Amino acid sequence: MKQSEKLIAGNWKMNGLGADLEGVVQDLKRELQAEPASCRVAICPPATLLSRLADAVSGQAVEVGGQDCRAETHGAFTGGVSAAMLKDAGATLVIVGHSERRQEFGETDRLVSAKAEAAVQAGLAPIVCVGETLEQRQAGRAVEVVRGQVMNSLPLAVAGRDFAVAYEPVWAIGTGLTPTLEQIEEVHRAVRAAMLERLGLASAAAPILYGGSVKPDNARDILAVPEVGGALVGGASLKASDFLGIIRAV
Ligand code: PEP
């Protein structure tokens, strides 16, 4: 990823059936054909829709991503999906370490790092998520917590490769709340410093996405903050007009 190229990635989470996909993709394709995006655009649908989405956007400037992968390449992991399987289904990216997985499934930095490494080895660009809880922010620990997550969730294998970090304050996800622009800048600068410390200049080009209640009406301001290299978008990526509003804010 060139640092100048912002990335807007939609995370559909556990939402969407085939019929929903057709509606969103048709609108998105029509609009992006009329006026191409000035950034990299990706949608991370549920695994069941990956290959259908990949077919639907084939030849378009819309990438497809997974929402998670196993750290292992194959084996007796019922329900698991490997990074190579995502790639085989048409993905070029994968989200790892989303706070919903860290919280619901107890995923640790160590596991997230192993998943990111598996993604790189399979030829996928990992989007490695970090972010503090409300309790941690209120205790004045946001920067310290996020810095620790970056240092421990980024494997050395991502150095010089296509990858991104997504700063997603847990309390801002799906709540309509967002940090101030100053708070976003403070954490993004700390993330960049930690990336440079961990990986050296080989990480300088990787974008740092902001995620947490990004909407068309706040996207322009957030995307203009120094060190914000794009957005990871949950709820607003389910509706083509909202997602486009964010893409057009780049
Ligand atoms: C997310 O789940 O990654 C996210 C940022 O969600 P939302 O945009 O709905 O807050």
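Visitor: How far is an oxygen atom of the ligand from an N or O atom in the side chain of lysine 13?

Guide: This is a predicted model: local features need pLDDT of at least 70, side-chain atom pairs count only at pLDDT 80 or more, and totals for chains, interfaces and linings use all residues. Residues are numbered from 1 along each chain as its sequence is written, and side-chain values use heavy atoms, without hydrogens or water. The gap between the ligand oxygen and the lysine 13 side chain is 2.5 Å.

Visitor: How much of the ligand's accessible area does the protein cover?

Guide: Accessible areas come from the Shrake-Rupley method with a 1.4 Å probe; for residues, only the protein chains shown count as cover. On its own, the ligand has 290 Å². The protein covers 97%.

Visitor: Which residue has a backbone N or O atom 2.8 Å from an oxygen atom of the ligand?

Guide: Look at the residues that come nearest to the ligand, among them Lys13 and Ser213. A residue is near if one of its heavy atoms lies within 4 Å. The backbone atom at 2.8 Å belongs to glycine 234.

Visitor: Where is lysine 13, and is it buried or partly exposed?

Guide: Lysine 13 sits in the loop between strand 1 (7-11) and helix 1. Helices (H or I, at least four residues) and strands (E, at least two) are DSSP runs, numbered from the N terminus. Buried means under 20% relative accessible area, exposed over 50%, and partly exposed in between (1.4 Å probe, protein chains only). At 22%, lysine 13 is therefore partly exposed.

Visitor: How wide an arc do the buried residues of helix 1 cover?

Guide: The buried residues of helix 1 are Gly18, Leu21, Val24, Val25, Leu28 and Leu32. They lie on the same side of helix 1, because their arc around the axis, taken from the directions to the C-beta atoms, is only 125°.

Visitor: Which exposed residues lie on the face of helix 1 turned away from its buried side?

Guide: Helix 1 runs over residues 18-34. Its face turned away from the buried side carries the exposed residues Ala19, Glu22, Gln26 and Ala34.

Visitor: Which residue's side chain does a polar contact join to that of glutamate 107?

Guide: Glutamate 107 lies in the loop between helix 4 (99-104) and helix 5 (109-121). It is buried, at 7% relative accessible area. A polar contact is a pair of N or O atoms within 3.5 Å; within protein, one must be able to donate a hydrogen and the other to accept it, and residues adjacent in sequence count only if both atoms are side-chain atoms. At 2.8 Å, the partner of glutamate 107 is arginine 101.

Note on methods
The expected span of a helix is 1.5 Å times one less than its number of residues.
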